Each structure stands twice: as C-alpha cells, then as structure tokens.
Amino acid sequence: MGEVFFNQLKCRECGRPYPKKAIHVCEYDFGPLEADYDYVKIAAHINRGVIEKRPTSMWRYRELLPIDGEPTVGLKTGFTPLVQAGNLARALGVREVYVKNDTVNHPTLSFKDRVVGVALTRAKELGFHIVACASTGNLANSVAANAAAAGLESWVLIPSDLERSKILNSLVYGANVVGIRGPYDAVNRLCSEIAGKHGWGFVNVNLRPYYAEGSKTMGFEIVEQLGWRLPQHTVVPMASGSLLTKIYKAYQELQKVGLIPEAAVQPVIHGAQATGCSPISAAVKKNSDLIRPEPKPNTIAKSLAIGTPADGYYASRAIQSTGGYAEDVSDEEIIQGIRLLAETEGIFAETAGGVTTACAKKLIETGKIPPDASVVLCITGHGLKTADAVDVVLGQPRCIAPHLKEFDSLLAGASASAAA
Amino acid sequence: MSILVSIPTPLRTLTNNLDTVETDVATIGAMIDDLEKRYPGIKDRLVDPQGNIRRFVNIYVNGEDVRFLENQETPIHAKDEVSIVPAIAGG
C-alpha cells in the first residue's frame, strides 16, 4: 500500500500530539494516548467495493488501523461469523438477535487476537524483540500464540488463580508464563513497572494505543456483515471498557469516512458486567461517569475481573451518549447465559459470553431494549477456555455397556422421565 | 506536625526531584495551592482549567481516593498519608 494514513498519537484528554512510539500516557495530564488518522485521505482511498474485494480478515480495514506498513502478524484474524440467532431471539422475546461470534477467532478463539495482531505488527515496526502483557487469560493466550508464530520472545503475566485451560493455552506456545499472587490490577501495576525498567513491548501498557485500536475491527465487521448497516442495539462485555469504547469509535469512523451514511439515530450501545466486578455498570446505573474501583473482584467471569477499568470513564460516556444502559449478572445467571446461547444457537461461549447473553436478557426484560428491536451480542471467547465454570452444573453422561438392549432401556427410561 | 505528600516520578521535575514534600494545611484543595506556591506549575498538572482534579490524576488520603471522600474539601491532618498517583492505563 505504501501510503500512511495514521499520523501520530494524541492525548485523548488535552489533544497534545505525540510521535508514533511505544508510549501510552500524556506526559502533561496523564491522559491516554490514542491513534490519530487522516480521515480525509482515508475517505478518498477506500470504499465498500475496495474493502469487499480484500481477504476476509480484520485487515480489510487496514487504513483505519495504526500501523505504517503492511500487517505482519495475525494475517488470518477476524471476519468471524455474524450469526442470525432466531432461536435465541425467540427465547429472549426480541425481534432480531445477531451473535458476533469471536469464539472462533483465529488463532486463539477470542477477540483478543484482533488487538494482538495490531499490537505485534506495530511492535515489529518499532523494533521490539520481546513482547509481553498483563492479562486475565485470553490476552495471554493470544500474545503467546502470535508471538510464537512471529518469532518473538514473549512474557505473559497473569493472576495465578486463572482457569487451568487458560494457563495451559499460554504455556503450550513456549511463552514465559508468570503467575502473580494477586488480582489483575496488581498484575497490571507490576507490568507498568517492568515496562519502564526493561523496555519490552507490553501490548497493553506501552503499546496500548496501537493494541486498543484492534478492537474496532469487531465493530467494522458487524456493520459490513449487516449489509453496511449500523445495528440498532449492541451489547458488549466490559472489563477495562476498551472494547466497548472502540466499537463505539468504529461506528463513528465508518460514518466519518463515508462507508455508511451519517445516521439520523446513532446505534445504542449497552455494557455488560458480572455483579462480582461491576464498577462500570454501577456508575452507569447511577447516571455517573465516576468509576469507583472494585478492590476485590469476585466472579467466575475472570476475563472481566478488572477492578480498576482503564477505560471505564470513556465506556460509561459512550453508553450514556448513545442512550444505552449497563447491566450486571450473578454467577448463576452467567452459567444460565452460557447454556442459553449453547442450547439455542449451538455456540459455546466462555463466561464473558454468558455475561453478555444474561445481561441482554435483563436489558430486554426491563425494556431497555424494546421487543421490536434488533440486537447484536458481542460474544468474545470460546467456552472451552472456561470449561470449569460449567463442568459442575452439566453432570456426567450416562454410561452403558455396548449392547442394544441396554441402550433401548436407557431410551425407555428417558422417554418415561420426559413423559413424567 | 506536618503532612507528607508523595509525588509521582513524572512530577518530580517540578519538586526539585523530591519524592516526598511536606505541607501543613487543612484540606486537599489548600494543599494543591500550597504546593503551587513552592513548586510553580504543579497545580496545572493536577487540576483542569475548570478547577477539577484531572481525570487521570488520583489523590489518595490514607489510601482512599479523594473523589470518594470530599474531593478538594477533604480534610487532612498531621500523620495522614497523602499520595498523588497517575492512573495506570492497561487491560
């Protein structure tokens, strides 16, 4: 492509410009730095036809991502299915539901492959040989896998009490996995110190301005897959609040560069959290943007257990400015949400997906999403990553000897109990 | 007796590299003005043009964010520990 559409970094608070380096905080007011693009140039360069001819990956929106050259990591990531979920819609009592199914994202089955593809492409452009992250699990999996494929050394730091399958899913790629005895927020604080001292490329610390932009591709894809149409309602799970903030930005940018017409009514965005760690939804419910940190997150949705959400303020603003709302759900409701999505649509989501589904149910029941609406659910990670959470409620399969007679009596028993 | 205020690394260029400074005023708001008198320029880094503590600056009194106390009216006393900490971005 050769052309550069990404100009610089800019403080989201005061607007001070910064060079496109591995930095993430404004020196002046400590606001987060964000990628700044030449939208006029982008608008002149791309249109629907150009994008539709490109390979089906998140990189079809490359001009709206903060890299200088061609992508080099995660080339097959993204463009996951947007599934029309009629059975789930009927179960929830709403006209139309679509599931944006990032449980099948490449290569590590969560939306984090999007952010990591961008962060590691940029890390290579900036000359890093060692990449790292603070993670609640999914990010660690993705950094480990993508770094392995890209020939980069990786260090992933996680709370030591994560699900076994998430730990295994980082170890298998040969990453250096370090469990930290403490909640995610303590891991994150330590990573800030390590990034400062060792000069590694921490995808969600000093590379965060690049990393975070990858989440926009989920929003771009939703719109393109709906036939270049904005959804009426989108329900997004919230940990740091970054994904929600970036989906909001994606919807805005598509209008800004003319890929879709300026909408008369902006799409409504709702946030979803687990009650055991719900600082953002608590603020939204109080109609506030003041986020009170949760010192002791306690939920089975460990991937969402961030007590001090870095983008909590921006997420709550995005929700409120679109007329959305935020909900939170108990562990029991999360498991019901996982089962509902699995039993109606055949999609097995991790606990965060249970949070999204269960919160959507609440939003519909309370009328925040009206019955005649069309809703997109952002389902962000695969159920096998948090199998422990449902293992306890699913029970065991019935076992018999390999004889037809035994099977027939099992079947008779099953119909008898169904009739009763 | 005075109150110790810890200063984060990025602001130490303003405090002659001191990581801790002392104050003996009665509230957080007065502390900010007191620091400004001795270390000109520091107030603008802590407080926005509307006079509110900047969104990504946290000021803690004994570990509690003053936003959840009485903001700039929060009283401070001898032996209180006051710390100024930039928000950590991540996650």
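Predicted model: local features only at pLDDT ≥ 70, side-chain atom pairs only at ≥ 80, totals over all residues.

Modeller: The account below begins with the conventions, then takes the sheet, the core and the loop residue in turn.

Residues are numbered from 1 along each chain as its sequence is written, with chains lettered from A and ligands numbered from 1 in the order in which they are written. For the complex, the predictor gives a pTM of 0.95 and an ipTM of 0.89.

In chain A, an open sheet is built from 4 strands in the order β8-β7-β6-β9, with parallel pairing. The edges are β8 (176-180) and β9 (201-202); each has a single partner strand, so one side of each is left without a neighbour in the sheet. Strands are DSSP runs of E of at least two residues, and helices are runs of H or I of at least four, numbered from the N terminus; two strands pair if DSSP finds at least two bridges between them. Strand β7 (residues 153-159) of chain A runs parallel to β8(A), joined to it by 5 bridges. Within this pairing, Val156(A) has Val177(A) in β8(A) as its bridge partner.

Across β6 (130-134), β7, β8 and β9 of chain A lies helix α7 (residues 184-198), at about 145 degrees to β7(A). Such angles run from 0 to 180 degrees between N-to-C directions, with axes fitted to C-alpha atoms, for helices over the stretch in contact.

Val156(A) also belongs to the largest nonpolar core, of 148 residues, where Val131(A) and Val143(A) are likewise among those with the most contacts. A nonpolar core is a set of buried Ala, Val, Leu, Ile, Met, Phe, Trp, Tyr and Cys residues joined through C-beta atoms within 7 Å. Beyond four places in sequence, Val143(A) is in contact (C-beta atoms, placed from the backbone, within 7 Å) with residues including Val131(A), Cys133(A), Val156(A) and Val203(A).

The loop residue is Ser110(A), between β5 (96-101) and α4 (112-125) of chain A. Ser110(A) counts as buried because 28 C-beta neighbours lie inside 10 Å; 20 or more make a residue buried, 12 or fewer exposed, and counts in between partly exposed. Its contacts beyond four places in sequence include Asn138(A), Asn141(A), Ser142(A) and His382(A). Ser110(A) and Ala349(A), 239 residues apart in sequence, are 9.6 Å apart from C-alpha to C-alpha.

Key. Contact = placed C-beta atoms within 7 Å.
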